[in-house]
Amino acid sequence: MSPAASRYTAEPNLRYANDSHVMAIGRVPANSRVLDLGVADGSVAAILKGMGCEVWGVELEREAAEAARAVCDEVVVADLNTFEFAEQLEGQRFDVVLMLDILEHLSDPAAALGRVKAVVAEGGWGIISLPNVAHASVRLALLKGRFRYTEMGLLDRTHLRFFDRAGVDDLLEQAGWVMFDMVRVTRRLGTTEIPVDDVDPVLAADLESDIEGTTYQFVVCAAPLGSPVLEHPPVLPAAVAQGVLLEQEEELRQLRLAHIPGLTEQLTAIRAGALERRGQLQGLLDAMDANRERFGGRPS
């Protein structure tokens, strides 16, 4: 992972599906052997251990590695830019290799991904998350002549490589991997770390009508070329749909909170109008009943 690995430590909220770590965890079989590259303090590893997995980690930052040792079976302190997997892991093989928010920090991610193949068990696969540089917020910033690195996120100051959808395919091809599943973490304009202001609503709607414009991260399941898993891919959950719904629900909740005073006034006025119309309707019904009685009918 990057030299500032601890900056990326965050315990995954398993109730929120629109998250790359949650999507990845949902794609790891219980009781499997897992190698977590850039394990940080072991937040993801701890959840996997609870699923009965054996978890090894590789981490650059020594302090984070020490924290990860509390939950992992083994942790190796090493730089993934130069890590020789087959040699330094002494022939160990893993059912799943996690590469979450890591490859974009490496000088040659394709070369590193190529070396990872040596530790993937037969029928095993890798789970990779990569940020999408073609997100609408980045596009808008460039249209305004801005390219500013941030502490974290799409334009993290420690990113050495940037990927769009085609770039993901190129990376896998160069490294000798084949994708068999992909889901997307989505973020609407105004919900990322990149500020958005004075946006033409027509332009914003056009950008968000493109799935690449709202894709914040790609979460990819892939296996080395020739792997038997490519002929019979495992059944994996389509978490992105639920994630999109959850994000939209949260946005709606925030919108409601922001407009509660106005909504309260509107609701009060609507209720008063409804009560007035109800009184008018009741008066009309009473008059109708009186007329029925007057002309020998029965009240309804």
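Reader: What percentage of the 300 residues of the protein count as buried?

Author: A residue is called buried under 20% relative accessible area, exposed over 50%, and partly exposed in between, with a 1.4 Å probe and protein chains only. By that rule, 43% of the 300 residues count as buried. Please note that this is a predicted model, in which local features need pLDDT of at least 70 and side-chain atom pairs count only at pLDDT 80 or more, while totals for chains, interfaces and linings use all residues. Residues are numbered from 1 along each chain as its sequence is written, and side-chain values use heavy atoms, with hydrogens and water left out.

Reader: How many helices and strands does the protein have?

Author: Helices (H or I, at least four residues) and strands (E, at least two) are DSSP runs, numbered from the N terminus. The protein contains eleven helices and seven strands.

Reader: In what order do the seven strands form the sheet?

Author: Two strands pair if DSSP finds at least two bridges between them. Here the order is β3-β2-β1-β4-β5-β7-β6, in an open sheet with mixed pairing. The edge strands, β3 (74-77) and β6, each pair on one side only. Within the sheet, β5 and β7 are antiparallel partners over six bridges.

Reader: Which residues have the most contacts inside the largest nonpolar core?

Author: A nonpolar core is a set of buried Ala, Val, Leu, Ile, Met, Phe, Trp, Tyr and Cys residues joined through side-chain atoms within 4.5 Å. The largest one has 34 residues, and V28, V34, L48, L98, W125 and I127 have the most contacts inside it. At least two residues of this core come from each of α1 (20-25), α2 (43-50), α3 (62-68), β4 (94-100), β5 (120-131), α6, β6 (177-186) and β7 (215-224). A second, separate core of 32 residues includes L37, A112, A175 and A222.

Reader: Which residues does L98 touch?

Author: Contact means heavy atoms within 4.5 Å. Leaving aside residues up to four places away in sequence, L98 touches V28, V34, L35, D36, L37, V44, L48 and I127. For the protein as a whole, 72% of the contacts with a separation of 6 or more are between residues 24 or more positions apart.

Reader: Which residues of helix α6 are buried?

Author: An α-helix has 3.6 residues a turn, so residues three or four places apart point the same way. In α6 (residues 136-143), the buried residues are A136, S137, V138, L140 and A141. These buried residues pack against α8 (201-208) and α9 (211-214). Just after α6, G145 has a positive phi of about 80 degrees.

Reader: How many aromatic pairs does a search of the whole structure find?

Author: Rings of Phe, Tyr and Trp (its six-membered ring) pair if their centres lie within 6.5 Å; planes under 30 degrees apart count as stacked, over 60 as edge-to-face and the rest as tilted. The search finds four such pairs. The ring centres of F83 and F85 are 4.8 Å apart and their planes stand at 85 degrees, so this pair is edge-to-face. F83 is buried at a relative accessible area of 1%, and F85 is buried at 2%.

Reader: Why is the pair of F147 and F162 edge-to-face?

Author: The planes of F147 and F162 stand at 75 degrees, with the ring centres 6.4 Å apart, so the pair is edge-to-face. F147 and F162 lie in the loop between α6 and α7 (165-175), 15 residues apart. F147 is partly exposed at 35% relative accessibility, and F162 is partly exposed at 32%.
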